[in-house]
Amino acid sequence: MIRKCTGADFDSILDVINDSAIAYKGHIPEDCWHEPYMTREYLQNEIDARVEFWAYEEGGLIVGVMGIQDVQDVTLFRHAYVRTASRNRGVGGKLIERLGGLASRPVLVGTWKAATWAIRFYEKHGFRLVDEETKDALLKKYWTIPERQVDTSVVLVQQGSEHLKE
Ligand SMILES: CC(C)(COP(=O)(O)OP(=O)(O)OC[C@H]1O[C@@H](n2cnc3c(N)ncnc32)[C@H](O)[C@@H]1OP(=O)(O)O)[C@@H](O)C(=O)NCCC(=O)NCCS
């Protein structure tokens, strides 16, 4: 079942993200890795910034989450995480398809350059990588992330929205 998260899901969202984000360890630059990957404060800030989380629930347990955030004239998909034990059986795919149905603006997604599995996942769902220069401009315009993360990230745009430039 896919449903919108409520305040009562806060701890579960955090748990899914920190379980899932272990995938980054040893892949993303060492100075970008910290444990837990996401703190309560960071998650709260994201929710305060109107990232709306959706959950994939199985037997009462949230096994995957994905956020959607409208920023200026675009929609960002944020924080796509599926529990380590629940990967590769379509949970992420169903979440991204559901969120796709909610977006009425061009959709952008950002991830670590090193997260090749995530890039493949987004490409499979109709997103295309933008070039380095466009990536820098889009990250600075629509995201609030540190300079170091801009350098070590990529941006993908939904097919049909490739016209998006600074
Ligand atoms: C990226 C991520 C969210 C994808 O979630 P997921 O639930 O594993 O995604 P899916 O199962 O829909 O698709 C992943 C693969 O499983 C395959 N798959 C889907 N359903 C399947 C099934 N029933 N049986 C076998 N394989 C299946 C897909 O074809 C896909 O294969 P591919 O990678 O060879 O193309 C997940 O890998 C994750 O949480 N990673 C760690 C955190 C991360 O990188 N997040 C993204 C950055 S924001």
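Strands β6 and β7 pair in the antiparallel sense, over three bridges. Within this pair, L129 stands opposite L156 of β7. The model is a predicted one. Helix α4, residues 116-124, packs on the sheet here and touches β5, β6 and β7. The direction of α4 makes about 130° with that of β6.

Now take in the whole sheet. Seven strands form it, in the order β1-β2-β3-β4-β5-β7-β6. The sheet is open, and its pairing is mixed. Which strands stand at the edges? They are β1, residues 2-4, and β6, residues 127-129. Each has a single partner strand, so one side of each is left without a neighbour in the sheet. Neighbouring strands are turned by 30° against each other on average, with direction ignored.

β1 and β2 are antiparallel and share three bridges. I2 has Y56 of β2 as its bridge partner. The next pair, β2 and β3, also runs antiparallel, and seven bridges join the two strands. Here E57 is bridged to I62 in β3. β2 and β3 form a hairpin with two residues between the strands. In that hairpin, G59 takes a positive phi near 55°.

The sheet is part of a chain with six helices and seven strands. From the N terminus on, the elements run β-α-α-β-β-β-α-β-α-β-α-α-β. So what sits on the strands? Start with helix α3, residues 91-100. Its buried residues are V91, G92, L95, I96 and L99. They cover an arc of only 125° around the axis, which puts them on the same side of α3. These buried residues pack against four strands, β1, β2 (52-58), β3 (61-71) and β4 (74-82). They also pack against helix α4.

Helix α5, residues 132-142, can be read in the same way. Which of its residues are buried? They are K135, L138 and L139. Their arc around the axis is only 100°, which places them on the same side of α5. The cover over them includes β5 (107-112), α6 (147-151) and β7 (153-158).

Another residue of α5 is T134. Is T134 buried or partly exposed? With 16 C-beta neighbours inside 10 Å, T134 counts as partly exposed. T134 and L164 lie 30 residues apart in sequence. In space, their C-alpha atoms are 8.3 Å apart.

Turn now to the loop between α1 (10-20) and α2 (40-48), where A21 is found. A21 has 19 C-beta neighbours inside 10 Å, so it counts as partly exposed. The threshold for a buried residue is 20 or more. What does A21 touch beyond its neighbours within four places in sequence? Its contacts there are Y37, M38 and Y81. D131 lies 110 residues from A21 along the chain, and 25 Å separates their C-alpha atoms.

Finally, step back to the chain as a whole. Along its principal axes, the C-alpha trace spans about 45 × 35 × 30 Å. With 166 residues, a compact globule would have a radius of gyration near 15 Å. The chain has 15 Å, which agrees. Buried residues make up 30% of the 166. Consider also the contacts between residues at least 6 apart in sequence. Of these, 65% join residues at least 24 apart.

How values were computed
Residues numbered from 1 in each chain as written. Predicted model: local features only at pLDDT ≥ 70, side-chain atom pairs only at ≥ 80, totals over all residues. Buried ≥ 20, exposed ≤ 12 C-beta atoms within 10 Å, placed from the backbone. Arc of directions from axis to C-beta. Contact = placed C-beta atoms within 7 Å. Pairing = 2+ DSSP bridges. Axes fitted to C-alpha atoms, helices over the stretch in contact; angles between N-to-C directions. Rg over C-alpha atoms; globule rule 2.2 N^0.38 Å.
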